[in-house]
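Q: I have a sequence and a 3D structure open. How do I start reading them?
A: Take one feature at a time.

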Amino acid sequence: MRSGIGFDTHRLVDHRKLILGGVEIPHSQGLLGHSDADVLTHAIMDALLGAIADGDIGQHFPDTDPQWAGADSILLLKAVTARLREKGWQIGNIDATVLAERPKLMPHIPEMRNRLAEAMGIPTENVSVKATTVEGLGAIGRREGISAMAIATVTPTP
Ligand code: MG
């Protein structure tokens, strides 16, 4: 078994949708980025790529490439999953934490887990998503952005 870690941060701005784990969440602001800026899905992709020592999402989906402008990160996660499969790996489990002062994410977590699990082709019970505030401290605490961290395990395909 191998494991990988992923971390990502995006800035919160006006006039953008807030997408986390493939789920659109009603909020006054959204995350800024070249793609849909789904910080949770990005952290998970980096954890998966890290587990097989295959670079990071910046390498595979460069933000200088117009192909990825406004990209649905769930489709990118599907592409990363396919890449793992091709290389002979299957995904074990994911555990992730979203750091956000607002909005309250708890009501949306079941749907995020379902969407992420479906994209990776694994059971929902193998995908954990947690959310925490940072007690008002720092940039995240000032609601300037949202961060996410994730760990993934993978095993060789039998
Ligand atoms: Mg990102």
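Q: Which residue stands opposite D95 in strand 6?
A: S128 does. Keep in mind that this is a predicted model.

Q: In which sense do strand 5 and strand 6 pair, and over how many bridges?
A: Start with the general idea. Strands of a sheet pair through backbone hydrogen bonds, either parallel or antiparallel. Here strand 5 and strand 6 are parallel, with six bridges between them. From strand 5 the chain passes through helix 4 to reach strand 6, and this β-α-β crossover is right-handed.

Q: Which residue in strand 6 is the bridge partner of L99?
A: T132 is the partner in strand 6. L99 also has a bridge partner in strand 7, namely S147.

Q: How do strand 5 and strand 7 pair?
A: They are antiparallel, and nine bridges hold the pairing. Strand 7 also pairs with strand 1: those two run antiparallel and are joined by ten bridges. One place to look is G4, which stands opposite A152 in strand 7.

Q: What is the order of the strands in the open sheet?
A: The five strands come in the order 4-1-7-5-6, and the pairing is mixed. The edges are strand 4 (30-31) and strand 6, each pairing on one side only.

Q: Now the inside. How many residues does the largest nonpolar core have?
A: General idea again. In soluble globular proteins, nonpolar side chains tend to be buried together. In this model the largest nonpolar core has 47 residues. L20, L40, I44, L48, L116 and M120 have the most contacts inside it.

Q: Which helix gives the most to this core?
A: Helix 1 does, with nine residues. Other elements that each supply at least two residues include helix 3 (73-86), helix 4 (109-120) and strand 7 (145-156).

Q: Which residues does L116 touch?
A: Leave out residues up to four places away in sequence. Then L116 touches G21, L40, T41, I44, I74, L77, V127 and V129.

Q: Are H10 and H42 buried or exposed?
A: Check the relative accessible area; buried means under 20%. H10 has 14%, so H10 is buried. H42 has 7%, so H42 is buried too.

Q: What about A79: buried, partly exposed or exposed?
A: A79 is in helix 3. Its relative accessible area is 37%, so A79 is partly exposed. A79 and P158 are 79 residues apart in sequence, and their C-alpha atoms are 21 Å apart in space.

Q: Last feature: how do I read a pair of aromatic rings?
A: A pair of aromatic rings is described by the distance of the centres and the angle of the planes. The count here is one aromatic pair. The ring centres of F61 and W68 are 4.9 Å apart and the planes are at 90°, so the pair is edge-to-face.

Q: Are F61 and W68 buried or exposed?
A: F61 and W68 are both buried.

Key:
Residues are numbered from 1 along each chain as its sequence is written. This is a predicted model: local features need pLDDT of at least 70, side-chain atom pairs count only at pLDDT 80 or more; totals for chains, interfaces and linings use all residues. Side-chain values use heavy atoms; hydrogens and water are left out. Buried means under 20% relative accessible area, exposed over 50%, partly exposed in between (1.4 Å probe, protein chains only). A nonpolar core is a set of buried Ala, Val, Leu, Ile, Met, Phe, Trp, Tyr and Cys residues joined through side-chain atoms within 4.5 Å. Helices (H or I, at least four residues) and strands (E, at least two) are DSSP runs, numbered from the N terminus. Contact means heavy atoms within 4.5 Å. Two strands pair if DSSP finds at least two bridges between them. A crossover is right-handed if, with the strands pointing away from the viewer, the path from the first strand over the helix to the second runs clockwise. Rings of Phe, Tyr and Trp (its six-membered ring) pair if their centres lie within 6.5 Å; planes under 30 degrees apart count as stacked, over 60 as edge-to-face and the rest as tilted.
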